[in-house]
Amino acid sequence: RLSATGIETIIQISSRGQSFGETQAISGMPHSATGQAVSPAVIARFHASAFVNCVQESPKMAMHLCSA
C-alpha cells in the first residue's frame with residue numbers, strides 16, 4: 001500500500017496457513033493493497049461469492065478466520 005506521501009508501506013507479513021482479503025470478500029469492497037511473495041508460495045484464490053458460501057456453510061471455518 002502507498003502511504004499518503006506515496007511511499008510503499010508493508011502492512012502485513014503473512015506466513016503459512018494465514019489468509020488475507022477475506023474482509024473485502026465479505027464487504028464487497030475492492031482491495032486496498034496488493035500482495036507480493038518474498039519466498040516460494042502456493043496461493044489459493046476464491047471468488048468472493050464462493051468464499052462467502054464456504055463461510056456460511058462452515059461455522060468452523062468462520063471461527064478459524066476470526067481467530068487468525
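Helix axes are lines fitted to C-alpha atoms over the stretch in contact, and the angle between two helices runs from 0 to 180 degrees between their N-to-C directions. The exercises below apply this to a predicted model.

**Exercise 1.** State which secondary structure elements the chain has and in what pattern they follow one another.

Solution. Step 1: the chain has three helices and zero strands. Step 2: along the sequence these give the pattern α-α-α. Step 3: the radius of gyration is 14 Å, well over the 11 Å that the globule rule gives for 68 residues, so the chain is more spread out than a compact globule. Step 4: along the principal axes, the C-alpha atoms fill a box of roughly 40 × 25 × 20 Å.

**Exercise 2.** Work out how helices α2 and α3 are oriented to each other, and which residues make their contact.

Solution. Step 1: α2 covers residues 48-57 and α3 covers residues 59-67. Step 2: they pack at an angle of about 105 degrees, and their axes are 5 Å apart. Step 3: angles of 65 to 115 degrees count as roughly perpendicular, and α2 and α3 are therefore roughly perpendicular to each other. Step 4: α2 contributes Phe51, Cys54, Val55 and Glu57 to the contact, while α3 contributes Pro59, Met61, Ala62 and Leu65. Step 5: by type, these residues are seven nonpolar, no polar and one charged.

**Exercise 3.** Describe the surroundings of Leu65.

Solution. Step 1: Leu65 lies in helix α3. Step 2: setting aside neighbours within four places in sequence, Leu65 is in contact with Ser19, Phe51 and Val55. Step 3: Gly6 is 59 residues from Leu65 in sequence, and their C-alpha atoms are 31 Å apart in space.

**Exercise 4.** Describe the largest pocket and its lining.

Solution. Step 1: the largest pocket holds about 1900 Å³ of space. Step 2: 43 residues line this pocket, and the closest to its centre are Ser14, Ser19, Phe20, Gly21 and Gly35. Step 3: the elements giving two or more residues to the lining are α1 (22-27), α2 and α3. Step 4: the lining residues divide into 20 nonpolar, 18 polar and five charged.

Terms used:
Residues numbered from 1 in each chain as written. Predicted model: local features only at pLDDT ≥ 70, side-chain atom pairs only at ≥ 80, totals over all residues. Heavy atoms only, no water. Helix = DSSP H or I, 4+ residues; strand = E, 2+ residues; numbered from the N terminus. Parallel < 35°, antiparallel > 145°, perpendicular 65-115°, else oblique. Contact = heavy atoms within 4.5 Å. Nonpolar A, V, L, I, M, F, W, Y, C, P; charged D, E, K, R; others polar. 1 Å grid on protein atoms, 1.4 Å probe; cavity = no way out; pocket = protein on both sides within 12 Å on 5 of 7 lines; lining within 4 Å. Points joined across faces, edges and corners; volume = space filled by probe spheres on them. Rg over C-alpha atoms; globule rule 2.2 N^0.38 Å.
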